[in-house]
Structure formats: structure tokens, C-alpha cells
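This report describes selected features of one protein model. The sequence and structure are shown first, and the description follows.

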Amino acid sequence: MTVSISTRRRVGRTSLELPAFGFGAAHLGELYGKVDEAQSRATLEAAWDAGVRFYDTAPWYGRGLSEHRLGGFLRQLPRDQFIVNTKVGRILRRPDDPANFSTAPWAGGLPFEVVFDYSYDGIMHAYEQVLQRLALNTVDSLVIHDLDSMFHDAEASAVFMKQLTGTGMKALEELKRSGDIKAVGVGNNVPGNLDEMLQEIDVDFAIVAVPYTLLDQSVLDTSMKRCLDKGIGVIIGAPFASGILVTGSGKGAMYAYDKAPPEVQAKVRGIEEVCAAHAVSMPAAALQFVLAHPAVVSVIPGAAKPSEVQANVAALANRIPAAFWADLKARGLMHPEAPVPA
């Protein structure tokens, strides 16, 4: 199976249709290293020239830098020719001590403090801010971002969930009802937390990052099944598991936004052996695998340079033999029931 970059899939029961392949702009927020303005611009130009028309960003990515860079590029293009998704839940503000402020964990980014707020006023404030950073007066969808245990302890999570269910969802429903946005989504990195959120609130789609990749299908029978059963579209946000499925195993390999642990390295080495046996590119397999799930509407790999965009687009056209997927399952390297490309 090969997938066209322009193939469109409908998001749940909404009017929004997404290309199967988009651009994840986290790296433009300087995730693992600094990216100068010329390189950022060249990367976005390469994506546009390759036919990419769906872009995902967030206030958190580089503390506003990703949105600034993406908006600075897109604002010069016809608004009806691209789709933008960004996120709410964080408001950015000037830090109390600007001279000593750190932008960590971003390698660079902008010097703004984050304030979490999932209430009606917080979401509306965040919405106004993202429009200004993007230099656009519309976005196509908004995602409730990072209400999970990666960022909040149990007490804070309970407070923020109460904000969201109490008034925050009303803001998103109001924006959707008025036509300001076409769809509402949820995105986090913790499988159990995603299931909890999908029980509490109604959304049109979910951004599923590290928990569903060529490396790990542990949420196949939980989050992914719930999305499929409820008609919730899925966008795969980290098809390379935040790095290791494109760089390969070895020193410096990243998994789940941190150094890959030994057990992950070992599993990737097993996948690499199967790739070598079938002459298959691991990044191509990673991209095509996630698109085979019937709930998935789009995949949004990141890139920090033009060559990475071009490689990702080219990977969609790679032909992968059925024996490759069968071999992964036979060796216990993939969930036996995981949908694979035909």
C-alpha cells in the first residue's frame, strides 16, 4: 500500500477533511537543537513545495516560536489552500524574572512562561493568543493539550479536569458552533490518561503520539479501539516515536522525548533486522504502518530541515512487501492483531 500526500480523510462526523500526511511543527520550536530562521523557512518551503497542506503546531512548541514561524510563512499564502491545527490549555506570559528565565526543556525557543488554564476564559484567552502568533484570523481545529500525568500531578490534573468539564468545553463547543473552528481534539502522551479523557468529554479527534507506533501498539485494544468505536478520528503525532524509528538504534537515539532505554534499543534492533532482511526502510515502514489503522486520518511527522521533509514524503511511496509485516508479527515485534498496509 502506498498513500498519496493529498489523500483526504474525514475527521469523525465533522466537515473537516485532512490530508493523510501533514507537517508537525514541534521541531521549529527548537525541540532538540536550535534552528536558525533561514533553515526554518527553507523547511516550510520544502513542505509546501512537496504538496503538504496540513500543519500542526502548539503554544508549547518553543514557547510560541513554532507558531510564530509557521504563521510567518503561511500568512503569505491563500488561506483556503491549507489547514492549521493548534492547541489550547496553555497561556504564555512574560516571566517574573526575565534576566534569569530558562526556556528549558527547549534548546532555544522564546522567553515566555507557561500558565496552564483549561477554563472557559483560559481557552478563549489561549485562542486569541494563538491567532496573533500565527498572524491568521482563523484556525481549522483546536486541541486540548497535555492534560496528563507527564505535565501534572494527580491533584493538579483533577483541578484542570474540573476546569475543562465545568466551563472549558463550553468555550470549544461555542467556537465550533459559531464556525470559528471545524473540530475539537484532545492530545496527550499517556495512554491511560487519554482513555480517561475520552470517557469524560466528547471530541472529534485525538492526537496519539508515542503510544501507537511501529515500535509500540500497546493502546491498540484500548485508546485506538475506543476511538474507532466512537467515531473519533486519530492523528498520529509521533510516528518515529520521537526519533529512534528514523535515526535507528544506537548512542543518542531518542524515544518518548528522552534517551532510549535498553529495552527499547533492543526492540528497535530487532525491527532493523527485519527491515534489512526485506530491504525495507524503517522510517517508511513507520509512516505507512500507522496509516493502516482504520481510525487514523493523518500522520504528522516533524522535520527541522528540508531534507527531512523530502525524505518523509518520499517514504510514503516506498513499496513494502506483505512478508515484512508478517515477519514482524512472527518474531513477536508487533501486536498480532495490529492492522498493517495491504
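## Cavity

The lining of the largest cavity divides into five nonpolar residues, three polar residues and no charged residue; here Ala, Val, Leu, Ile, Met, Phe, Trp, Tyr, Cys and Pro count as nonpolar, Asp, Glu, Lys and Arg as charged, and the others, Gly among them, as polar. The lining residues are Phe21, Gly22, Phe23, Pro301, Gly302, Ala303, Val309 and Asn312. The volume of this cavity is about 30 Å³, and the structure holds one cavity of 30 Å³ or more. On a 1 Å grid over the protein atoms alone, a cavity is a set of points where a 1.4 Å probe fits but cannot get out, whereas a pocket is an open set with protein on both sides within 12 Å along at least five of seven lines; lining residues have an atom within 4 Å of a point. Grid points are joined across faces, edges and corners, and a volume is the space filled by probe spheres set on the points.

The model is predicted: local features need pLDDT of at least 70 and side-chain atom pairs count only at pLDDT 80 or more, while totals for chains, interfaces and linings use all residues. Residues are numbered from 1 along each chain as its sequence is written, and side-chain values use heavy atoms, with hydrogens and water left out.

## Second largest pocket

The second largest pocket contains about 230 Å³ of space. It is lined by 13 residues, of which Lys176, Val184, Asp202, Val203 and Asp204 are the closest to its centre. By class, the lining comprises five nonpolar, two polar and six charged residues. Helix α4 (residues 154–177) gives the most to this lining, with four residues.

## The parallel sheet

Eight strands form an open sheet in the order β3-β4-β5-β8-β9-β10-β11-β14, with parallel pairing. Strands β3 (23–24) and β14 (296–299) stand at the edges with a single partner strand each, so one side of each has no neighbour in the sheet. Helices (H or I, at least four residues) and strands (E, at least two) are DSSP runs numbered from the N terminus, and two strands pair if DSSP finds at least two bridges between them. Helix α9 (residues 282–291) lies across β11 (233–236) and β14, and runs at about 155° to β14. Axes are lines fitted to C-alpha atoms, for helices over the stretch in contact, and angles run from 0 to 180 degrees between N-to-C directions.

Strand β9 (residues 183–188) pairs with β10 (residues 205–208) in the parallel sense over four bridges, and strand β8 (residues 141–145) pairs with β9 in the parallel sense over five bridges. Val186 has Ala206 as its bridge partner in β10, and Val186 is in turn the bridge partner in β9 of Ile144. Six of the six residues of β9 are buried, that is, under 20% relative accessible area, with exposed meaning over 50% and partly exposed in between (1.4 Å probe, protein chains only). In a regular strand the side chains alternate between the two faces of the sheet. In β9, Ala183, Gly185 and Gly187 point one way and Val184, Val186 and Asn188 the other way. Strand β10 is likewise covered on both faces, with Phe205 and Ile207 buried on one side and Ala206 and Val208 on the other.

## Ile83 in strand β5

Ile83 lies in strand β5 (residues 83–88) and counts as buried because its relative accessibility is 7%. Beyond residues up to four places away in sequence, Ile83 touches Arg8, Leu16, Glu17, Leu18, Pro19, Arg53, Phe54, Tyr55 and Asp140; contact means heavy atoms within 4.5 Å. Ile83 and His145 are 62 residues apart in sequence and 18 Å apart in space, C-alpha to C-alpha.

## Backbone features

Most residues other than glycine have a negative phi, and most peptide bonds are trans. Ala104 and Pro105 are joined by a cis peptide bond with omega of about 10°, and Pro105 is placed in the loop between β6 (90–93) and β7 (113–116).

Arg63 has a positive phi, near 50°, and is found in the loop between β4 (54–56) and α2 (65–74). At 6% relative accessibility, Arg63 counts as buried. Ala256, in the loop between β12 (254–255) and β13 (258–259), has a positive phi near 55°. Ala256 is partly exposed, with a relative accessible area of 29%.
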